[in-house]
Amino acid sequence: MRRRRSEQDFQDEIRSHIELETDRLIAEGVPADEARAQALRRFGDVRAARRRYAASQGGPGLENVLRDVGLAFRSVVREPGFAAAAVLTLALGIGLNTAIFSVVWTLTLRPLPLREADRVVTVHHRFAGIHDGGTSWMGDASVGSGSFSRRVSGRPPMSSWAEYLEYRAGTRALAGLTAFATIGLTLDAERPLAISARLVACDYFRVLQVRLPVGRGLVDDDCARPGAAPVVVLSDRFWRSHFGGDPSVLGREVTLNRRAFTVVGIAEPGFAGTELRMPALWLPVTMQPLLGDDRLSSENLSWLELVGRLRPGATVEQAAAELTVVAHRRDALYPGRNASVLVYPASLAAGPGLRKAAVANALAALVAAALIVGIGCLNIMNLLLARAPARQRAVRIRMALGASRRRIVSQLLTESLVLALLGGLAGVALATWAPPLIVATLPLQDLQLDLSADARVFSYAAAVSILAAAVFGVAPALETTRVDLATAMRGEMAAGARRGVPWLRQAVVSTQLAGSLLLLVLAALLARGLARAGSMDPGFAVDGIYSFQPELADQGYDFVRGAAFLGELRARTAALPGIESAALSTFLPLGPRSLAPFRRLDGNAGEGDAERASAEFNTVSSGYFETLGIAILRGRAFTREDESAAEPGAAVIGEAMARRFWPGEDALGRPFRVGDRTYNVVGIARDARSLSLAETDPAFFYAAAHLDRPLENAARADSAGNGRAAAWREPPGLSLVVRAADATALAAVHRAAAGIDPQVLVERVSLAERYDAVLRPARLGALFSGALGLLALALALVGVYGAAAWSASQRTREFGVRIALGAERHDIIRLALRSGLGPLVAGLAIGGSVAVAAAQVMRSLLFGVAPLDPVAFLGVSALLSAVALAAMYRPAARASRVDPARTLRTD
Amino acid sequence: MPTHKPAERDALLQGTLDLLILRTLQAGPEHGQGIARSIQENSADVLLVEHGSLYPALQRLESRGWIRAKWGVSENNRRARYYELTARGSRQLGEEADRWRRMAEAVARILGPDAAEGRS
């Protein structure tokens, strides 16, 4: 195409024309003062010519774009209500979308806040046959298939110390390779304090290029041999919060797990390594054997994360290939081991399994957010469609004057785009403000998550906005400019012919109604669940129940000393005023619990579903049932004697478990085996909801706690072969559980613990708070879906009203004829309402079926309310139908008042 | 529905006006005002168009590549945008003119008897 002419050039031409004509007229004898006026008259309307010229230009010349944007803003301002509704809808949707995207982007792909972060890589294993589902193993576990099994403390793709040293020696593509593991320690201060620490290889600070404003980082000598250097580097935040930012802390000693460490440096502010959480301090990985079971010498244990830095010019592929060769050398040592090495650019979601899990979750969240934008777009599209007939008249005039359809469509689309970009801008603001607010309400203070909107986040929001504009803008623009000249000439618009795209409008209305029904039903279900949860009896006391968990392992307690500490703590607590009852147990209700395979040991062992059954249990001492107010229906509760009895141990089983495993029999006195221990049923307790408030425990029992000998850990016995000895080295995993008359007694319990050993850190958990936390997702869900549902409903009603008004206006002539032929007003109203019933019923059906599926998924948040709860489903459907019909009524009523004489004359 | 009328007139005018412009330019390059005057005079003032309505037509012909334009200076030293026929434009003029004559003949044949009666 030719170069486009500028508007200025065209104006010059017109001016030149007028001058030439004036000259000519003067030459023909017209007086000079009259000539110019006559020239102008002959030219006709100069401004109209200019407009027609612009209209004929078509494509998006710069002047056109600017004029379109100007027009768009003017029309946005002309209808502030519509604009505000559209922008707000888009802001919510795009904001949500962008917030999720910024979290996903930060977790998975965004370069870490490190120097030359583009060359930092993570190094992980893949063992053939071992799946990394992103699960972390808290203690030691053995995972494997076939002949090779891998010990894991963390996740399978991690490395052992021996492997790390081999990789570091065997790579040329990496300029440096370092390793770390995160652990929890007890810091001795005036009061013991739980801190998060990171064991690191001594080149850690060098490889990650961390500056140390005060002191030094770790040096190779610190890692020369196990236990060589008890030194720590503090994080800037910890240094400020616990040492007041005092530089003289260098050289001072801190006591971690009862060992003295010397502070040698302080890391630069904000440095959290490659992880989400900032630790309080870093210490040489070679100190690990002094802080717990020796892991350095375990050559087949996954526990270290590896992070490397690529040499300039080297690629991740080169590094992976080199390290896989090294890994294969070790395969020869273990039959069945087949390891390869994966190298990825470093991001917060490190490790292939974790990355996959993060991306999958993120995609699900993005799809949900996209749905919300989608519903919003449908709303706006519906509003635009409703305005289409009104705008068609103006559009037809412009097209008749020579403007091309493309030109007008592009102008209408500009209007949509302006709306979408305004919404997107508000959305980005929302997305920038909201996530830090959300993060702030979560109990994750030491999270290093930089969610600031960068170029990538802005581009994403812009892309979503443009896409949204396309979704809601194109159909109305085409509909508005669909001027069929033949039809227009015959004047059939006014004759009520069914033109346009009624199915599209109806589909939009149905979808909106379906969306709001879905959200409102979910909100109603959650609200009913919450009401149920608030009034139901979980089967145990909640108020005044606290557990105190002493971190005995950090202080080097073995089983015998640990049992003594717990026994003493229970005795001292029971004597305190304000403490009504005290006992020991592994868990509190509504938290984690033990699970093991179940087998009957009396006559009918192995019958029915008992073959591959399992049971969940909590190990508790005498006094537990009294403390938690759990009723014993038959038999007895535990006594002090049960705490030292030989096998079989005493067990109190729940009613449901008795019914399930001993159907039609008396379970009392029966023996059974769970895991590798045997029990005798001494009592039957009333069913509680200690696993989930949604249902009573299906197969739950209480095992009597022992303070005279440890429970064996099956996994450990398998892997190490010395499980018995290991079990004696660790303290019993029990906490103190009390019922306190008032909160003032709690401080006395802490004092009692400190009186036995002031260095033991004791963490307190309130059952009431935990109960509240269990309800929180449902509460938030109800609030969220309720609010969104009401918003969706409000917008849907606008859509319903618009559709009804449009449909009634199309049928004015028909109604006029009917009235002229004697139809009554209510006949007309019924007729007008009937056309809106289809979309309403379709919307209810679609929304209802999706809600049925969604309700199944959130069964656990309903606290026993049936997922198909008729009150929620029918109530919301009735409400929705009523308001939708009310919205349709007004246009219908207006249609019934048409003056037949006038409608028949319209032509 | 009165709104369709301008469209009709435009459609009617377009073909005619295009043909007249091309024909005028066959004589050599000319500016807009000159074209307007020329059409007016050559049609013996029968086709008196608003000069302004000439420009969208010129723009259309230019974008189709039938005519091209450049700024020049008129006899009396005014700056003016001169239009001239391109090769495609003269081919187009031939076709348009043929079509126009065929149509004029056809119309004349239909009108024939009446016209003859009128003359006799």
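Modeller: Happy to! Buried here means under 20% relative accessible area, exposed means over 50%, and partly exposed lies in between, with a 1.4 Å probe and protein chains only. This is a predicted model, in which local features need pLDDT of at least 70 and side-chain atom pairs count only at pLDDT 80 or more, while totals for chains, interfaces and linings use all residues. Residues are numbered from 1 along each chain as its sequence is written, chains are lettered from A in the order in which they are written, and side-chain values use heavy atoms, leaving out hydrogens and water.

Now to the rings. Rings of Phe, Tyr and Trp (its six-membered ring) pair if their centres lie within 6.5 Å; planes under 30 degrees apart count as stacked, over 60 as edge-to-face and the rest as tilted. Over all chains, the structure holds 23 aromatic pairs. In one of them, A:Phe598 and A:Phe661, the ring centres are 3.8 Å apart and the planes stand at 10 degrees, so this pair is stacked. A:Phe598 belongs to strand β16 (residues 594–600) of chain A and A:Phe661 to helix α17 (residues 655–661) of chain A, so the pair ties together parts 63 residues apart in sequence. Helices (H or I, at least four residues) and strands (E, at least two) are DSSP runs, numbered from the N terminus. Both A:Phe598 and A:Phe661 are buried.

A second pair to look at is A:Tyr624 with A:Tyr702: the centres of their rings are 6.0 Å apart and the planes are at 45 degrees, so the pair is tilted. This pair, too, links distant parts of the chain, with A:Tyr624 in helix α16 (residues 624–628) of chain A and A:Tyr702 in strand β22 (residues 700–704) of chain A, 78 residues apart. A:Tyr624 has a relative accessible area of 2%, so it is buried; A:Tyr702, with 4%, is buried as well.

A:Phe598 and A:Phe661 are members of one aromatic cluster, together with A:Phe617, A:Trp662, A:Phe672, A:Tyr679 and A:Phe701.

Taking a contact as heavy atoms within 4.5 Å, residues 24 or more positions apart account for 78% of the contacts in chain A with a separation of 6 or more.
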